Amino acid sequence: MAMHVLVTGGPTHEYLDEVRYFGNASSGRMGVALAEAAARRGHAVTLILGPCPTGTLDPRIRLRRVVSARDMEREVLDALPSVQAIIMAAAVADWRPRVRIPGKLKKQAGGLVVELVKNPDILAGVGTMAAGRLVVGFALEAAPGEEALRLAREKLRRKRCDLIVLNRTGSLGREVGEDVVLLTAGAEHPLGSPSKASLAERVISWCEERAGRSDHAAGAWGDERHERARGGGAGDAGGGPDRPPPGD
Ligand code: CTP
């Protein structure tokens, strides 16, 4: 049975004036790969995409283009009631300039101090109102090995996700991930350096299995599943959503 899957992707741009913005190096390719994998597998897909090139998209994907984090939040909240799974692959800017200056800011002598204010955390907001929907987040970490895992576990709890995809900043702009790990409350599965297309297939398989709607015989984790020592080895596949308790 098909789901309606909401995917976010790409960067957000936070404008300082009419020509300059704060942004990041996200290519948007992960979001596009997820949307295409879900569409290929017969799911209805809404892709909410920040400013990035896409090429030709699968025509079955409903595309919503956005610029800023607040635009993205509006589109996510608009689509939320009709979806069964939310996959937040966007690299949302955490801050925006407090004011957007009309026109073009003139060059002045000396430097420039810009006041930034916090953007909404879209994923954390979705986590509080998921109401049985599957919530998948990404964690892009610069920290090495075990520390990155600790940060990703913390994100899983704090943002009330069902699944977190840990990726490293070294993968930015590359076709493959770096030391990618899938984490749930009960299990962790290292994937090495998968292509964006194969990582997307894994994530969509996981959603299908978790939603109990998979037509595939193989488990979403593949053969080698790594139970976490703590958490009692309850596992994560096959059951209903066991959303982690609210974090800090
Ligand atoms: N995210 C979001 N809204 C934000 C920031 C992040 O929805 N304002 C989502 C991203 O789409 C991703 C997840 O939260 O799924 C984690 O993003 P990441 O940049 O790794 O973490 P942050 O929460 O921004 O924390 P930090 O940058 O401090 O690691």
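How many bridges join strand E1 to strand E4 (residues 44-49)? Six bridges join them, and the two strands run parallel. Helices (H or I, at least four residues) and strands (E, at least two) are DSSP runs, numbered from the N terminus. Two strands pair if DSSP finds at least two bridges between them.

This is a predicted model, in which local features need pLDDT of at least 70 and side-chain atom pairs count only at pLDDT 80 or more, while totals for chains, interfaces and linings use all residues. Residues are numbered from 1 along each chain as its sequence is written, and side-chain values use heavy atoms, leaving out hydrogens and water.

**The chain as a whole**

The protein chain holds five helices and twelve strands. Of its 248 residues, 46% count as buried. Buried means under 20% relative accessible area, exposed over 50%, and partly exposed in between (1.4 Å probe, protein chains only). The accessible surface of the protein chain is about 11900 Å², and carbon and sulfur atoms make up 53% of it. Accessible areas come from the Shrake-Rupley method with a 1.4 Å probe; for residues, only the protein chains shown count as cover. Contact means heavy atoms within 4.5 Å. Among contacts in the protein chain with a separation of 6 or more, 63% link residues 24 or more positions apart.

**The sheet**

Eight strands form an open sheet with mixed pairing, in the order E5-E4-E1-E6-E9-E10-E11-E12. Strand E5 (61-65) and strand E12 (188-192) stand at the edges with a single partner strand each, so one side of each has no neighbour in the sheet. Direction ignored, neighbouring strands are turned by 15° against each other on average.

Strand E1 (residues 4-9) is largely enclosed by the rest of the structure, because six of its six residues are buried. His4, Leu6 and Thr8 point one way from E1, while Val5, Val7 and Gly9 point the other way. In a regular strand the side chains alternate between the two faces of the sheet. Strand E9 is mostly covered too, with seven of its eight residues buried.

| Strands | Bridges | Facing residues |
|---|---|---|
| E1 and E4 (residues 44-49) | six | histidine 4 and alanine 44 |
| E1 and E6 (residues 85-88) | four | leucine 6 and isoleucine 86 |
| E6 and E9 (residues 134-141) | four | alanine 85 and leucine 134 |
| E9 and E10 (residues 163-168) | six | valine 136 and leucine 163 |

Helices pack on this sheet. Helix H1 (residues 29-40) touches E1, E4, E5, E6 and E9, and its direction makes about 170° with that of E4. Helix H2 (residues 69-79) lies across E1, E4 and E5, running at about 175° to E1. Axes are lines fitted to C-alpha atoms, for helices over the stretch in contact, and angles run from 0 to 180 degrees between N-to-C directions.

**The ligand**

One is 2.7 Å from a polar backbone atom of methionine 88. A polar backbone atom of leucine 140 is 3.0 Å from a ligand oxygen. In lysine 155, an N or O atom of the side chain is 2.8 Å from a ligand oxygen. Taken alone the ligand exposes 570 Å², and the protein buries 78% of that.

Conventions
A polar contact is a pair of N or O atoms within 3.5 Å; within protein, one must be able to donate a hydrogen and the other to accept it, and residues adjacent in sequence count only if both atoms are side-chain atoms.
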